[in-house]
Amino acid sequence: MHTQSESALAPLPLPDAPFLAALVGAGGSGKSRVARAFPPDWRLELDSFRQQASGSPGDQTATPTAVTVFRELLEARLIRKMPTLVDSTNSERGVRAYLLQRARHWRMPTVAIVVRTSLDECLARQGARPPAKQVPPDAVTRQRADVPTTGQLIEEGFDAAYYADELDLLGLLLRRSATADPDPLNDVRHTFGEDLAGVFTWHNGREHGFATGTFAVADREITVRWMDDGDPYDHHWQAQLNQACTDGCPGPLWVKVNDAADVHSVYLGGAPDEPWCDGCDSHGLAVG
Ligand SMILES: Nc1ncnc2c1ncn2[C@@H]1O[C@H](COP(=O)(O)OP(=O)(O)O)[C@@H](O)[C@H]1O
Ligand SMILES: [Mg+2]
């Protein structure tokens with residue numbers, strides 16, 4: 001993991017020491033996409049606090065709560081000199097003044113990153129968003145008109161100000177992604193979803209051709225394995241059935257599973273495909 005901002009930010013002309021960065025741009029300009037270039041744990045996003053408070057990122061009645069949470073977290077991070085990226089429009093001067101004042105109080109350098117996408121583009125992108133994320137056109141128009149130049153931001157007191165399109169943010173993101181530790185749960189997440197991946201553990205050791213792991217919550221579990229027989233078109237997952245093969249053969253039965261629905265079916269005692277027995281036929285002859 002990144003603990004040093006200098007190694008995390010090499011392609012950018014940003015300070016080595018921790019700083020407070022404010023994205024500045026209208027709704028739909030691409031701020032949150034820009035934010036993805038930076039380590040995710042730097043980010044404070046007003047939309048996500050509104051979402052947590054109200055179930056909808058665009059619910060303006062949740063703004064006071066979201067701002068309170070934002071300010072508490074901003075303060076906590078500034079006190080600890082944690083690098084922080086503020087992902088909200090920051091198009092109003094008073095909002096930026098608050099950020100500058102808190103950063104100055106804690107002696108944190110400040111950086112503004114302006115996302116200067118055209119109004120037409122910002123408006124067009126609203127249409128592609130789910131309704132809960134859409135910002136009304138008049139609000140987008142106002143925000144876009146309020147977006148300052150980098151020169152104005154320096155005059156306001158930011159230590160540095162850049163236009164996002166002048167920074168190699170894709171290079172930064174690629175570099176961070178390329179050097180990240182591989183996620184051993186990637187395949188599990190991809191096939192069975194985020195929540196099941198959160199309760200999955202790989203068993204120790206990978207026997208040739210397959211790796212086994214378990215989904216477990218409290219006292220219940222179900223075991224699956226990833227079959228890799230060398231043929232790229234024949235990789236697949238199997239879940240272990242809760243029964244042995246036959247009286248004569250105590251071998252465990254496995255069945256092919258394609259997704260969470262198949263695993264659910266096995267958990268409930270079903271078999272979404274023909275079961276296979278390790279005991280009778282290690283090559284995987286169907287016995288069901
Ligand atoms: N450079 C880009 N190319 C294509 N689509 C983009 C680009 N930047 C942003 N978008 C898309 O535009 C929409 C708004 O971007 P987002 O980052 O959510 O804006 P903001 O956070 O400023 O409201 C999203 O659907 C996003 O995927
Ligand atoms: Mg956003």
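Residues are numbered from 1 along each chain as its sequence is written, and chains are lettered from A and ligands numbered from 1 in the order in which they are written. Because the model is predicted, local features need pLDDT of at least 70 and side-chain atom pairs count only at pLDDT 80 or more, while totals for chains, interfaces and linings use all residues; side-chain values use heavy atoms, with hydrogens and water left out.

**Stop 1: the ligand**

Select ligand 1 and display Ala26, Gly27, Gly28, Ser29, Gly30, Lys31, Ser32, Arg33, Arg125 and Arg129, the residues around it (each has a heavy atom within 4 Å). At Lys31, a side-chain N or O atom is 2.7 Å from an oxygen atom of ligand 1. Ser29 instead presents a backbone N or O atom, 3.4 Å from a ligand oxygen. Arg125 places a polar side-chain atom 3.4 Å from an oxygen atom of ligand 1.

**Stop 2: α3 and α4**

Next select residues 46-54, helix α3, and residues 63-79, helix α4; helices are DSSP runs of H or I, at least four residues long, numbered from the N terminus. The axes of α3 and α4 lie 8 Å apart at an angle of about 125° (axes are lines fitted to C-alpha atoms over the stretch in contact, and angles run from 0 to 180 degrees between N-to-C directions). The two helices are therefore oblique to each other (angles under 35 degrees count as roughly parallel, over 145 as roughly antiparallel, 65 to 115 as roughly perpendicular and the rest as oblique). Leu46, Phe49, Arg50 and Ala53 of α3 make contact with residues of α4 including Thr63, Val67, Phe70 and Leu73 (contact means heavy atoms within 4.5 Å).

**Stop 3: α4 and α5**

Show Phe70, Arg71, Leu74, Glu75 and Leu78 on α4, and Tyr98, Leu99, Arg102 and Ala103 on α5, to see the contact.

**Stop 4: α6 and α7**

Finally, select helix α6 (residues 119-127) and helix α7 (residues 137-146), whose axes come within 10 Å and cross at roughly 150°. That angle makes α6 roughly antiparallel to α7. Leu119, Cys122, Leu123 and Gln126 of α6 meet Pro137, Val140, Thr141 and Arg144 of α7.

Terms used: Polar contact = N/O pair within 3.5 Å; in protein donor to acceptor, adjacent residues only side chain to side chain.
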